[in-house]
Amino acid sequence: MEVIGKSVIRKEAVDKVTGRAKYTHDYQKVPLLSGKMVISPYGHAKIVNIDTSEAWKVPGVRAILTGKQYPLTGEAIRDRPPIAFDKVRYHGEPVALVVADTPAQAKTAADLIKVQYELLPVVNSPTQAFQKNAPLVHERLGEYKKEADSHPVPDTNIATLIKIRKGNMAKGWAESETVVEASFSFAPSDHVAMETRCATAEISPDGNIIIMTSSQAPFMVKRLIADYFGEDMGKIIVRTPLVGGAYGGKAPVQLEVLAYMASKEVGGKPVKILNTREEDILTSPCHIGLDATVKLGANRSGKITVAEILYLWDGGAYSDKAIDVTRSGATDCTGPYNIENVWCDSYCMYTNHPYAAPFRGFSHSELSFAIERTMDLLAQKLNIDPLELRYINAIMPGNTTPTRVRLNKSNVGNLQKCIEKVRGLIKWDEGPVKVLNDRFIRVKGVSCSWKTSTIDTDAPSGVILTFNRDGSINLMSGVVEIGTGTKTILAQILAERLKMDVNKIHVRMEVDTQTTPEHWKTVASRGTFMGGRAVLKAAEDVIHQLKELAACVLRSPKEDLEIANSRVFLRDDPAIGLHFKEIGYGYKYPNGNTVGGQIIGRGSYILRHLTPLDPETGAGRPGPEWTVAAYGVEIEFDKRDYTYRLLKAATVVDIGRVMNEKAAVGQVMGAMSMGLSFAGRETFYFDELGRVLNPQLRTYRPLRYGENPEYLVGFVETPQIDGPYGARGVGEHGLLGMPGALGNALSTAAGVSLHNLPLIPELIWKAKEANK
């Protein structure tokens, strides 16, 4: 390989490090109106009255949107009014939208709007939502329009139930000699992307609806606005420049709808809505919470025979993407272990919390915490080394997933090899506990994970290649550059296939749904896999065209031609050939006659053989592959005050093939940092009225610079046969096992089993006190 596997500098790197890179908020029009939301201060309340009279007196106010029953929105179930009508269901829900000439005028007017509320009983956890006498978040749940694979239960808070039924549970329990059962819980939290959400919309005189948005899913924005409001899809143009972090939080469609409605209200003039940090935390989709109960049975040798699992996902006030997260959690419910008998109920529950979006890993870091803590409890009860227990039960080719897909070497990789490699990285064999003195100890914890991608069975990805007159190539893909470096990887794939200099490939970073081929969504670590396959197909199209034209000019059979170094030449005599710049725009003979024209290549890819899950058994093929990984964390623990210091964190992923070494290491390290932050720091604190008490970065505390451990990253390469050059996605996987590994290390250090996140000293102290 000449380009694949090398540490190629990212195509957008110079613009980013010099500050020239432009994000949605950097694009300004004159004039540009500003939208400002008025949000609910309560988790659940009836809207009695909205007084906008004082707001209308503010100079520059053009419109105030409120009090109307706009079309309901939502992906899986149409259950969410864009602006609350009749009642509010979460703290931060928009109840009015002011449009004014300037941001200051809009805010002044928004602050003057008086809303009278009548408090309603609050549903403050998915477990509470599950109780039969719980207040209803949606009284008319049975009347909403919904997708076929969503199963809301009217007169309850159940937005959907996904069942997994594999094997024979009675047989599994009969074969088990040791049983462990434990419950786990954590609240929703935030994505904390550096760029807050932003959207601009205008409606031109010819009827075109032009939206610019910091979104992971511009093509979904186009589709949903057409669907919600009956607009002509061809007239909706969505543009997405570089996105400053997303992590799943910018996959839902929210501000785009509000910006469109605001523009329509003011005669099509351009309107921008930009979240402050507090608005981004409160009003926009959040990281999902979970209450889980896991019960495992195993024989004396440590082989797990049966698993019984209940997941209650905190979908928040509206189902939107939470239903997809719930399905994903059911799909890989057991973690990366071969268990023949599985029963799992995965519920998406309505609560009076901010509604949920995917979070880097799409349910897998959350479920992995519950599974991996239970695995350590089982190891403790069996008196087996925790890493050895995972090795014994590791999923392997020939085993079946909870959804009954039979695995092979290509689509699952090698978890046991990952475990062995992480064993060496964290020096596990030196012992998991090292006593420093009477007060301090150093402790290691381990975990494993796996993940497939539960995406639409017809999700597409397309690529267009066009030649420039100097022989360089323009690459256009609908993949959004959200910080993953995926578009650089696509350039590497093209350069490798055409055997050319990657610097001669120019990648268009902005996505424009009118001119860019569609990529379903930039989520689920699918960009490299799907976009890469589309690039390879487009490359074959280009190769065919180059050879067709060169064969004519060189008077040679196509079969005798080779392509490399931006030339087409005879394989047996490379001196005879043509440079791309001579034929990329057609070939001009000495007498002026010209043949051919600009070479334009195209390629598209759709995942194959995927099926929905059976609603009764969960059987089905949700994704193309299961990426596996192993993790370790080492901490220094203070036994006196229950504080701890992160020393080392290790991750080994079976990546299939490393495409860009430094980019892959950076992706995994960044994900590990997010995982440790989620596990040890981040959460929403709710009061009895469902209000988020910590909606600022002063009180919502991600991992800070200087608190990071030493990161150790390793890869196993078991090529995925249908992946581009054998590659699997890796954007999420460094995160997935961090909460479990940290929880296991701290449980060992504190001498008490920890079942909640985040793992702060106060939580450890409370667990110790409760255990006395």
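Axes are lines fitted to C-alpha atoms, for helices over the stretch in contact, and angles run from 0 to 180 degrees between N-to-C directions. Helices (H or I, at least four residues) and strands (E, at least two) are DSSP runs numbered from the N terminus. The model is predicted, with local features needing pLDDT of at least 70, side-chain atom pairs counting only at pLDDT 80 or more, and totals for chains, interfaces and linings using all residues. Residues are numbered from 1 along each chain as its sequence is written, and side-chain values use heavy atoms, with hydrogens and water left out.

**View 1. Crossing of helices H10 and H11.** The axes of H10 (residues 364-382) and H11 (residues 386-393) come within 9 Å and cross at roughly 110°. The two helices are therefore roughly perpendicular (65 to 115 degrees) to each other.

**View 2. Residues joining H10 to H11.** Contact means heavy atoms within 4.5 Å. Glu-372, Met-375, Asp-376, Leu-378, Ala-379 and Leu-382 of H10 meet Pro-386, Leu-389 and Arg-390 of H11.

**View 3. An open sheet of 4 strands.** The strand order is S22-S21-S20-S29, with mixed pairing; two strands pair if DSSP finds at least two bridges between them. S22 (505-507) and S29 (600-606) are the edge strands, each pairing on one side only. Neighbouring strands are turned by 20° against each other on average, direction ignored.

**View 4. Pairing of S21 with S22, and helices on the sheet.** S21 (residues 473-477) and S22 pair in the parallel sense over 3 bridges. Asn-474 has His-506 in S22 as its bridge partner. Helix H14 (residues 486-498) packs on the sheet, touching S20 (460-467), S21 and S22, and its direction makes about 135° with that of S21. Helix H15 (residues 527-554) also packs on the sheet, where H15 touches S20, S21 and S29; the direction of H15 makes about 145° with that of S29.

Terms used:
Parallel < 35°, antiparallel > 145°, perpendicular 65-115°, else oblique.
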